[in-house]
Structure formats: C-alpha cells, structure tokens
Amino acid sequence: MTKTFADRVCEQVKLKKSHAVVGLDPVINRIPSFILKEAELQYGKNPNGAGYAFYEFNKMIIDAVCDKVAIVKPQLAYYEVYGAAGIKAFWNTVTYAQEKGLLVIADAKRGDIDSTATAYATAFFDELHNEWKEQIRVDSLTINPYLGDDSLQPFIDSATQSHAGLFILVKTSNPRSGDIQELVANGREVAEKVAEMVNDYAQQTLGDSAYSPVGAVVGATYPEAQAKYRKLMPNSLFLVPGYGTQGAKGKDIVNAFNEDGLGALISASRSIIYAYEQADEVNRDSVMYYVSNAVAAMNEDINTALSEVNNLQW
Ligand SMILES: O=c1ccn([C@@H]2O[C@H](COP(=O)(O)O)[C@@H](O)[C@H]2O)c(=O)[nH]1
C-alpha cells in the first residue's frame, strides 16, 4: 500500500533524527561567485544563466544536507523571478531532491475558486491523469485558505488521491500576521476558524496514520500560539517557518510538537543556504562544509530543546 505523505514524513524524521526543513530560496546576488561566473560563461547574464546558477547552487545545498534532513522547501517566488528558466530550475531541483531521498514541499501558497484550484492541484500533484503533463510532482504544497472551503476541497481531494500533503496557512510567522488572522468574528479569531477547518479536513483524511495529509503553517515566531493551535489540530503536521533569520530558536518551537515528539517541521532558508558566506574562501568544498554545519547545528538546537521539554532522546 502506498504510504501517505504524513507517514513518509514521520518515517524520514525518525530515520534522520531531524525535524528541520531546509528552504531553497535562491537570490541571484547571494549565489557563490564561482557558480555565477560559470553561468555567465555558459548562458550570459540572462534568465537562462540565472536558472542554471539556481540549479547548480541547489544541487550543492541538497548534497550538503540530504543525509541530515528529511525535507526541502523551495519557495516558488524566487524561481518565478526568472520566468520559464526559473520554473525549469524549480522542477529540476524537485527531481534532484527526490532522487536524493528528500521530500519536497513547494511553498507556493496557492488558493483560488474551485476550477482554478483544481488546475493548481494538477500542476503540483497529479502526474497520472493528464498525459499532456510532465510526469513530475511535489510531495506537498502550501495553501492560502482565504477563499474558503470550496477553494480548499480540490486540493484536499487531489492530495488525498496522490498521497501528497498540504500545509494550510493558519498563523504565519511575519510581524503583522495578526492584522487579519487575529481579527475576531463570531467570537473567535479568523486563524482559530481556519484551524477548526484544518482539523475537520484532518479527521476526514486520517486513515490508519496518527497524522493527516492536511497540515497547517504555524509560525516559529509565535511560541504561545503554537500551543493553542497544537490543541486545536492534534492530528495535523505543522510547517513552522521563522527559525533562524526571522529570530526563532529551538526553545521557541517546542510547543508546536505533540507529546510523541513528532508533528512539527521547522523551516529555515537564509540561515542555512547562505551560511557559506562566512567562509574565507568560497568554493564547492567550503559551501558544502558551512551549509552542512549550519544544518547540523539547527538539528542539535531543536533536538536539545525537545529533550529538555519532554525528555525525548533522539
Ligand atoms: O508564515 C510563513 C510562511 C512561509 N514563510 C516562508 O518561509 C521561508 C522563510 O525564510 P527564512 O529565510 O528562513 O526567513 C520563506 O520562503 C517564506 O516565504 C515564512 O517565512 N512564514
């Protein structure tokens, strides 16, 4: 029987002893200069050169982290900057990461009316039912719930059929996330209403697993909110961005976990992929060394914080 996304996550998290997700958010002026030189030589300073540079950089990051983490999370926006060449770099990165045994969360924050939501779900998940489409898919996708239940259902149907996962935005990590998410309507916050919807979807899709394919985004920068949302969505995996550059540390994310020591995937992008900028000399070896050390330190920080709270030994 095909394993669900949640089962694959739990299995890989235990195997790698890591709750970390490495965000692949490439920005052209932060790519190592030896990669940029090669890109310019081969393609010139143009979108094809940028796409080449992104893919070469991502492969290096993936090689550095694939033994230490279970999941990577490319953020589509960074790739869309370079049009078709950027999108090609995104999908090539997805394939490379999956070949290296990693699960891929596409951070695309999609959401639209049901017909368009179906097209989005087909783009990211469905590799079998459209022979015009390339046979490639991500393992999970972030979703914006602002359009309501009928906009979410196509994603839930497609993810369930494809054994993929979803992370629906509940409480985001940014400073002004409360502007809308904490508005009170009918006696509760908007984000609490979304959490209730996520939990309903989770209960409907639970199967034999303790965790549903329908998860939630809950920011690392709001430790108290994590505790509240953990109670509201006990069977959902949380994607927890905001670790590292946005300020959160290991001690700030422990509330996002369940008592089984699972349930939260802590995401960091810039603090990991640009760790190589500390190197005196930048080459493939030093990029690999600094990035690999940064992710090992993140694992250690999270696992230590968890062991102090619930005495879980990894
Ligand atoms: O609430 C959210 C949802 C998504 N993100 C995304 O995560 C990364 C964070 O990057 P860092 O460099 O680790 O700060 C980025 O892709 C965001 O779009 C988030 O930060 N908060």
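Author: Happy to! Let's start at a pair of neighbouring strands: valine 217 has leucine 239 in β9 as its bridge partner. Keep in mind that this is a predicted model.

Reader: Which strands are pairing there, and over how many bridges?

Author: They are β8, residues 212–218, and β9, residues 236–241, and three bridges pair them in the parallel sense.

Reader: Nice. Which helix lies across β8?

Author: That's helix α10, residues 223–232. Helix α10 lies across β5 (165–171) as well as β8, and runs at about 155 degrees to β8.

Reader: And what does helix α12 touch?

Author: Helix α12 spans residues 284–310 and packs on the sheet, where it touches β1 (20–24) and β10 (264–268). The angle between the directions of α12 and β1 is about 145 degrees.

Reader: OK, let me zoom out. What do the strands build together?

Author: Eight of them form a closed barrel with parallel pairing, in the order β1-β2-β3-β4-β5-β8-β9-β10. From one strand to the next, the twist averages 30 degrees.

Reader: Found it. How many bridges join β9 to β10?

Author: Four, and those two strands run parallel. There, valine 240 stands opposite isoleucine 266 of β10.

Reader: Is β10 enclosed or open?

Author: Enclosed, largely: five of the five residues of β10 are buried, so the rest of the structure surrounds it for the most part.

Reader: Which residues sit on each face of it?

Author: Ala264, Ile266 and Ala268 are on one side, with Leu265 and Ser267 on the other, and all of these are buried, which leaves both faces covered. As background, side chains in a regular strand alternate between the two faces of the sheet.

Reader: What about β3, how many of its residues are buried?

Author: Seven of the eight, counting residues 103–110, so β3 is also largely enclosed by the rest of the structure. Strand β2 (residues 71–74) runs parallel to β3 and is joined to it by two bridges, with valine 72 opposite valine 104. Strand β4, residues 140–143, is parallel to β3 too, with three bridges joining them. Alanine 106 has leucine 141 in β4 as its bridge partner.

Reader: Changing topic: which residues come nearest to the ligand?

Author: Gln75, Thr172, Pro241, Ser269 and Arg270, out of 17 residues around the ligand.

Reader: How does that shell split by class?

Author: Eleven are polar, three are nonpolar and three are charged.

Reader: Last bit, the whole chain. How many helices and strands are there?

Author: Twelve helices and ten strands. The radius of gyration is 19 Å, close to the 20 Å that the globule rule gives for 314 residues, so the chain is as compact as a globular protein of that length. Along the principal axes, its C-alpha atoms fill a box of roughly 60 × 50 × 45 Å.

Reader: And what share of the residues is buried?

Author: 48% of the 314 residues. As for contacts between residues at least 6 apart in sequence, 73% join residues at least 24 apart.

Methods:
Residues are numbered from 1 along each chain as its sequence is written. This is a predicted model: local features need pLDDT of at least 70, side-chain atom pairs count only at pLDDT 80 or more; totals for chains, interfaces and linings use all residues. A residue is buried if 20 or more other C-beta atoms lie within 10 Å of its own, exposed if 12 or fewer, and partly exposed in between; C-beta atoms are placed from the backbone. Two strands pair if DSSP finds at least two bridges between them. The radius of gyration is taken over C-alpha atoms; the globule rule is 2.2 Å times the number of residues to the power 0.38. Two residues are in contact if their C-beta atoms, placed from the backbone, lie within 7 Å. Axes are lines fitted to C-alpha atoms, for helices over the stretch in contact, and angles run from 0 to 180 degrees between N-to-C directions. A residue is near a molecule or strand if its C-beta atom, placed from the backbone, lies within 6 Å of it. Ala, Val, Leu, Ile, Met, Phe, Trp, Tyr, Cys and Pro count as nonpolar, Asp, Glu, Lys and Arg as charged, and the others, Gly among them, as polar.
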